[in-house]
Amino acid sequence: MNRVWRKWGTILAATLFSFCRTGPQPQNHGLRVVATTGMLADLVQNLGGQGVEVEALMPSGADPHLYKPTQNDVARLRNADLIVFNGLHLEGKMIEALEKLARFKKVVAVGDSLPRKFLRPTQAGEFDPHIWFDPKIWAEAAKVAARAMHRCNGDSGVFERAKAYQNELEKLDAELRAALDSVEVRILVTAHDAFGYFGAAYGFEVVGLQGLSTSTEAGLRDVARLVDFIVERKIKAVFVESSVPPRTIEAVATGCRQKGWKVRIGGTLYSDALGPKGTQAEKYLGMMRYNVRTIVAALK
Ligand SMILES: [Zn+2]
């Protein structure tokens, strides 16, 4: 898979280069961008000025590891001037569709385009795709997206907007760090391994019931192992994730109670998708604040 992915990265880089550097293209409409996840759509929205239309392909709450594009999705992608996706194998069920589109569309895989020094290697020899969970790395992702947008419409204002958004991300980072100060025992137990970058940034030991992808279900042995870990370390609370069914984490909590340790479900964290409209987590900055508030309230 790794070899295939590397090849895929090369194709993408070549495609973006060939499509977006071949001179100005007459555009009667603004730059139409389709991003796979809500986090990426929000990023592009912040970078795009007037005349950039952005939509997220995946609806709120969708699990990007499992998301399969519908025919309508493929039509939306075909109509885009630029397709922005996370890469690093996050959109595991979309690879074929994206590969086909990359033959004739402008595409950028933000995660694959980041310098390797920012990425967390995994035991399987790949990289953790959940790059949005460290605002400093997300600021690097903003640079990648800004360059791709600039290559498509030549609007250099995108770099100023990227700088302004990077400042917002820097402030967010300081704010989260201060809020997390009150948490002494820094162990974050969640449904899957989405919070590795968060843990590295804010000094948390992160334990996911499922691995980096949700495509393999947790088994009874995984649940038993996690129950033992929580009981032994006397962890106060575990967290459900918005894009993963809660039953496995609930099974862990039940298992702990059966062993005499009353662990709480500390709330729902937004992991691989933004919250729906009207929640405080419908944009990236709000999602990060919401998660940290939830973690602090449950673990302090
Ligand atoms: Zn994930």
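Author: Gladly. Keep in mind that this is a predicted model. Start with the aromatic rings. By the pairing rule, the count comes to seven aromatic pairs.

Reader: How are the planes of Trp132 and Phe133 set, and how far apart are the ring centres?

Author: Planes under 30 degrees apart count as stacked, over 60 as edge-to-face, and the rest as tilted. The ring centres of Trp132 and Phe133 lie 5.8 Å apart, with the planes at 45°, so this pair is tilted.

Reader: Is Trp132 buried or exposed? And Phe133?

Author: Buried means under 20% relative accessible area. Trp132 has 1% relative accessibility, so Trp132 counts as buried. Phe133 has 0%, so Phe133 is buried too.

Reader: What about the rings of Phe198 and Phe204?

Author: Their centres are 5.7 Å apart and their planes meet at 50°, so that pair is tilted. Both Phe198 and Phe204 are buried.

Reader: Which residues form the aromatic cluster?

Author: One cluster takes in Trp132, Phe133, Phe195, Phe198, Tyr202 and Phe204.

Reader: Now helix packing. How do the axes of α9 and α10 cross?

Author: Look at two things: the approach and the angle. Helix α9 covers residues 220-233, and helix α10 covers residues 247-258. Their axes come within 9 Å and cross at roughly 55°. That angle is why α9 counts as oblique to α10. The crossing of α9 past α10 is right-handed.

Reader: Which residues make the contact?

Author: From α9 come Val223, Leu226, Val227, Ile230 and Val231. From α10 come Ala251, Val252, Gly255 and Cys256. These residues divide into eight nonpolar, one polar and no charged.

Reader: Next, single residues. Where is Thr122, and what does Thr122 contact?

Author: Thr122 sits in the loop between α5 (110-113) and α6 (135-153). Its relative accessible area is 18%, so Thr122 is buried. Leaving aside neighbours within four places in sequence, Thr122 is in contact with Phe127, Asp128 and Leu212.

Reader: Where is Ala139, and which residues does Ala139 touch?

Author: Ala139 is in helix α6. At 11% relative accessibility, Ala139 counts as buried. Not counting residues up to four places away in sequence, Ala139 touches Gln166 and Leu169.

Notes
Residues are numbered from 1 along each chain as its sequence is written. This is a predicted model: local features need pLDDT of at least 70, side-chain atom pairs count only at pLDDT 80 or more; totals for chains, interfaces and linings use all residues. Side-chain values use heavy atoms; hydrogens and water are left out. Axes are lines fitted to C-alpha atoms, for helices over the stretch in contact, and angles run from 0 to 180 degrees between N-to-C directions. Helices (H or I, at least four residues) and strands (E, at least two) are DSSP runs, numbered from the N terminus. Angles under 35 degrees count as roughly parallel, over 145 as roughly antiparallel, 65 to 115 as roughly perpendicular and the rest as oblique. A crossing is left-handed if the near helix is turned anticlockwise from the far one by less than a right angle, and right-handed if clockwise. Contact means heavy atoms within 4.5 Å. Ala, Val, Leu, Ile, Met, Phe, Trp, Tyr, Cys and Pro count as nonpolar, Asp, Glu, Lys and Arg as charged, and the others, Gly among them, as polar. Rings of Phe, Tyr and Trp (its six-membered ring) pair if their centres lie within 6.5 Å; planes under 30 degrees apart count as stacked, over 60 as edge-to-face and the rest as tilted. Buried means under 20% relative accessible area, exposed over 50%, partly exposed in between (1.4 Å probe, protein chains only).
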